[in-house]
Every structure is written in C-alpha cells, then in structure tokens.
Amino acid sequence: MLVKVKKGWEVPERDATPEDIYVNRRQIVKSLGVAPVIAAGASILPAGSALAATDLYRVSRNKKYTVERPLTAEKEATSYNNFYEFGSHKQISRAAQRLETRPWNIIVDGMVEKKFEIGIDDLLKQVTLEERVYRHRCVEAWAMTVPWSGFAMRELVKLAKPTSGAKYVAMQTIAESKAEMPGLRQFWYPWPYQEGLTMEEATNDLAFLVTGLYGKPVPPQNGAPLRLAVPWKYGFKSIKSIIRFSFTDQKPKTFWGSLQAKEYGFWANVNPAVDHPRWSQATEWLLGGRQSDRVPTRLYNGYTEFVANMYPADADEVYFR
Ligand code: MTE
C-alpha cells in the first residue's frame, strides 16, 4: 500500500493562495511612487557597481557574540539551504545563482518621517560593518554556526526615522520572475515571502542585517545582497534578499504564518519545551554531522541574556504569540 507521508513543510491545497498576489519589485516601486533618494552624506555610484569586496566583507569580528560550537564548514552552510523561491528542497544553490543582486534598491516606507528608496551600495556606506559569529537554528531541527558580516538592524531603523506610532517592521523578499525564481510557480505559497519583528526586537542588539558570509559577499542562496539574522528565533524569521522595510502599527503578515498559523508563530523564539505540532524541538543536529547525532536545543537558541527581557517569563508562550 502506498502511503503518502506529508513532509514537514508541505502545504494542503486548501491553503492555496491565488497567483495574482505575486509582487514584482518594479511594480512595487511604480505603485508606491517613491523617488529614489540618496541619503545625506552618501556619494553616488554608477548603476551596478559595488564597493571593493575587501572594504565590505573583511571586517573586524565583534567579540561580544561568541559561541562555544565550532564553525560550520562554509561548503555546508552554502549548499544546504532553505530559499523556497528557488525550490522547496535544500539543493537550490545552483538555481539561486540566477538572482541578479545589482542594481538592488530597497524601499523604506509606512510609518516613517519620509518614505525613500536606496541602493544597497549607498546604504552600506552609511552603516558600520562588522562580523558576528551566530548560531542559526531552523525550525526543521538542523543548526549551524556561521560568521555573518553586516550591520545592526538598529542602524537601519535609525535611518528610516519611524514615527512614534510604529510598533512593527514588516520585511519583504524580492519576487522577481518565475524564470529567475522558479519556486514562484508554486502558486499555493503566499508570495512574496514576508516576515516581521516588533520594534523592540528590530532594535535589539542581536538583530543583524547581513551582507557577507565567511568574509565574502553573502551568496544568493543565503539571501544576497541583504538578509536578516535573528539568531534567537527559528530560521524562518531570518528573511532573505530583502527589498522592503515597512513600519506599521499592525502585526505584519508572515509567509509561513499565513499558511499554517497553528505551526508557525509570529514570535517563533527557539524553545526546546515547545514542540512543533509535528515533531519535537528538544534536540537538533548540526550541519555537516549526522541527523541521528542530536544535541540539546537551548532556550532562545542560547541567547537568553540578550533577549529574555522582551518576553513573558512563561517561556512556553514565546513561540506562538
Ligand atoms: N527567506 C526567503 N525569502 N525564503 C525562504 O524560503 N527560508 C527561511 C529563511 N529565510 C526562507 C527565507 C528558513 S526556513 C531558513 S531555516 C533560513 O532562511 C535558511 O537560511 P540559510 O539557507 O542561509 O541557512
């Protein structure tokens, strides 16, 4: 007898979302009517040019963030990925090379003093780049430890100048074309990929916007040219290839939460005591090792000292809020 076993991330047809919700980055810019701006102090680079790699990716390591685990091999971290826009399996790294990461404009809008659009290279001239070694824990129970480079998300929030009523920041991934991102043909997913944080989370010390990995530009499969790293949360919160930050007083819709609210909470803080409805979260396995070699999962993925003050003491709640 053939039994169809539902995979962890499989979605029932009844949750299908119509194709017409796809958003194309050029359409967003057009519909918003935002003028490209270069924030004060930045010089203009010719379209498509990037700053020298040595300036941007060989940055000094911030020793405040240490982990007791060995670094994951670069090959593992860059060849076992979740990036559903390129396919709903782990071997998407080749397909992801189609993503064009220059020019790359980012829209900052919603509850801000003045909405604007800025090129990634101009943005990078206005922030302080550093390297941080972070643990990463996917909700599927695999984990890695990698050296990201980038800048504190708090710096982006400062540039955005949110108004006092803003309570959340919503983020959106590019959803360019089905040729570039073949995963978009899977019409039952609610493209574009979206995520959100509270303002308190977005300005927490740990919230990091990533532009590099292992001292090089972050590769497309890991979310070039700009992705989030919020290491105390399950990996699905760490949205890749971001093109928009919108400040809002409404709790943002999220990609996985729209599909399965009962399985993917908004807070999604790592918690060994709260199982995913379909599997245990008590242990995890390390990329590069065997799936059967499990190690204990840590509350907030080991980052309690940085983040526990943002959540209620009853740790059981901190996944689904
Ligand atoms: N961002 C987008 N746009 N699309 C995705 O499918 N997957 C998420 C997150 N960000 C995803 C995404 C999940 S589930 C995880 S675990 C991490 O990216 C994986 O990051 P990595 O491939 O760099 O390890």
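Okay, let's start with N271, which counts as buried because its relative accessibility is 2%. Buried here means under 20% relative accessible area, exposed means over 50%, and partly exposed is in between, with a 1.4 Å probe and protein chains only. Before I go on, the ground rules: this is a predicted model, so local features need pLDDT of at least 70 and side-chain atom pairs count only at pLDDT 80 or more, while totals for chains, interfaces and linings use all residues. Residues are numbered from 1 along each chain as its sequence is written, and side-chain values use heavy atoms, with hydrogens and water left out.

Back to N271. You'll find N271 in the loop between α8 (255–259) and β11 (283–286). The helices (H or I, at least four residues) and strands (E, at least two) are DSSP runs, numbered from the N terminus. The N271 side chain reaches the backbone nitrogen of A273 at 2.9 Å.

Now the ligand. Which residues are closest to the ligand? Those are Y84, N222, R227, S238 and K240, out of 19 residues that surround the ligand. A residue is near a molecule if one of its heavy atoms lies within 4 Å of it. By class, that shell has nine nonpolar, seven polar and three charged residues. For the classes, Ala, Val, Leu, Ile, Met, Phe, Trp, Tyr, Cys and Pro count as nonpolar, Asp, Glu, Lys and Arg as charged, and the others, Gly among them, as polar.

A polar side-chain atom of R227 lies 2.8 Å from a ligand oxygen. N222 has a side-chain N or O atom 2.9 Å from an oxygen atom of the ligand. With E85, a side-chain N or O atom is 2.9 Å from a nitrogen atom of the ligand. And how much of the ligand's accessible area does the protein cover? The protein covers 100% of the 530 Å² that the ligand has on its own, with areas from the Shrake-Rupley method and a 1.4 Å probe; for residues, only the protein chains shown count as cover.

Where does the ligand sit? The ligand is in the largest cavity. On a 1 Å grid over the protein atoms alone, a cavity is a set of points where a 1.4 Å probe fits but cannot get out. A molecule sits in a cavity if more than half of its atoms lie within 2 Å of its grid points.

Next, some side chains elsewhere. R69 is in the loop between α2 (53–57) and α3 (74–77), and R69 counts as buried because its relative accessibility is 14%. The side chains of R69 and E284 are joined by a polar contact of 2.7 Å. T248 belongs to strand β10 (residues 242–248). T248 is at 17% relative accessibility, so T248 counts as buried too. The T248 side chain reaches the backbone nitrogen of Q250 at 2.8 Å.

E140 sits in the loop between β3 (130–137) and β4 (142–152). The E140 side chain makes polar contacts with the side chains of W142 at 2.8 Å and N82 at 3.0 Å. E140 and Y234 are 94 residues apart in sequence, yet 8.8 Å apart in space, C-alpha to C-alpha.

Last, backbone geometry. Most residues other than glycine have a negative phi, and most peptide bonds are trans. Here, R102 and P103 are joined by a cis peptide bond, omega about -10°, and P103 is in the loop between α4 (93–96) and β1 (105–110).

For phi, K161 is near 50°, a positive value in a residue other than glycine. K161 lies in the loop between α6 (153–160) and β5 (168–173), and is partly exposed, with a relative accessible area of 45%. S241 has a positive phi of about 40° although it is not a glycine. Is S241 buried or exposed? S241 is at 0% relative accessibility, so S241 counts as buried, and its place is the loop between β9 and β10.

Terms used. Polar contact = N/O pair within 3.5 Å; in protein donor to acceptor, adjacent residues only side chain to side chain. 1 Å grid on protein atoms, 1.4 Å probe; cavity = no way out; pocket = protein on both sides within 12 Å on 5 of 7 lines; lining within 4 Å.
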